[in-house]
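Please have the sequence and the 3D view at hand while reading.

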Amino acid sequence: MEWSLLFFFNSVLLGLGLAMDAFSVSLANGLNEPDMKSRKMCGVAGVFAFFQAAMPIIGWICVHTIVRYFNKFKNFIPWIALVLLLFIGGKMLIDGIKNTNEEAEKTKTGIASLLLQGIATSIDALSIGFAIAGYSLIMAIVCAIIISIVTFAVCMAGLIIGKKFGTKFSNKAAILGGSILIVIGFEIFIAGAF
């Protein structure tokens with residue numbers, strides 16, 4: 001592919017498509033932590049943006065170096081995403097059920113949980129490395145940067161929306177957020193396995 005308006009348009013569309021899972025998880029995080037500060041919101045969105053940019057580059061490198069090993073690993077991607085999101089979503093769901101009273105303290109999104117979310121929602125982006133295999137390294141990096149920028153913006157929107165509704169539904173937010181993560185896990189699994 002050559003540098004063109006179509007290249008940038010396709011990169012934005014890839015970013016939007018890849019960011020939908022991260023948007024849903026950001027929404028769940030905002031629901032779960034309605035008092036999240038702006039700095040943390042930028043950090044959360046930044047983690048998702050980083051992983052959404054890194055995975056296609058890793059996929060591109062795999063296509064150009066160790067593609068035969070990656071093809072074997074590709075079958076496990078839906079399973080890995082399912083397990084990670086079931087674990088995180090299940091924990092949020094259980095915490096939400098345990099703390100159903102109005103005075104329940106929100107469980108804040110920790111760095112370990114956030115990193116797992118970032119990996120789980122972006123692992124399917126490894127396959128984008130196949131879609132951009134015809135790009136030069138510079139074009140692949142620019143595409144990944146565009147995907148990252150789009151993901152950051154989409155995740156910030158998810159966090160803002162989640163925070164707004166998290167305040168209104170404070171005692172049910174963790175239950176809803178955990179349920180969203182579990183549904184996303186099954187969606188990734190079903191789309192990837194079938």
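This is a predicted model: local features need pLDDT of at least 70, side-chain atom pairs count only at pLDDT 80 or more; totals for chains, interfaces and linings use all residues.

**Helix contacts**

| Pair | Angle | Axis distance | Crossing |
|---|---|---|---|
| H1 and H5 | about 155° | 9 Å | right-handed |
| H2 and H5 | roughly 40° | within 9 Å | right-handed |

Helix H1 spans residues 5-32 and helix H5 spans residues 111-122. Angles over 145 degrees count as roughly antiparallel, and H1 and H5 are therefore roughly antiparallel to each other. On the H1 side, Asp 21, Ala 22, Val 25 and Asn 29 make the contact, and they meet Leu 114, Gln 117 and Thr 121 of H5. By class, this contact has 3 nonpolar, 3 polar and 1 charged residues.

In the contact of H2 with H5, H2 contributes Gly 43, Val 44, Val 47, Phe 48, Phe 51, Gln 52 and Met 55. The H5 side consists of Leu 114, Leu 115, Gln 117, Gly 118, Ile 119, Thr 121 and Ser 122. Here 8 residues are nonpolar, 6 are polar and none is charged.

**Nonpolar core**

The largest nonpolar core has 30 residues. Those with the most contacts inside this core are Val 44, Phe 48, Ile 132, Tyr 135, Ala 140, Cys 143 and Leu 159. At least two core residues come from each of H1, H2 (38-64) and H7 (137-168). H2 gives the largest share, 10 residues.

Beyond its neighbours within four places in sequence, Val 44 is in contact with Asn 29, Met 36, Leu 114 and Leu 159.

Technical notes
Residues are numbered from 1 along each chain as its sequence is written. Side-chain values use heavy atoms; hydrogens and water are left out. Axes are lines fitted to C-alpha atoms, for helices over the stretch in contact, and angles run from 0 to 180 degrees between N-to-C directions. Helices (H or I, at least four residues) and strands (E, at least two) are DSSP runs, numbered from the N terminus. Angles under 35 degrees count as roughly parallel, over 145 as roughly antiparallel, 65 to 115 as roughly perpendicular and the rest as oblique. A crossing is left-handed if the near helix is turned anticlockwise from the far one by less than a right angle, and right-handed if clockwise. Contact means heavy atoms within 4.5 Å. Ala, Val, Leu, Ile, Met, Phe, Trp, Tyr, Cys and Pro count as nonpolar, Asp, Glu, Lys and Arg as charged, and the others, Gly among them, as polar. A nonpolar core is a set of buried Ala, Val, Leu, Ile, Met, Phe, Trp, Tyr and Cys residues joined through side-chain atoms within 4.5 Å. Buried means under 20% relative accessible area, exposed over 50%, partly exposed in between (1.4 Å probe, protein chains only).
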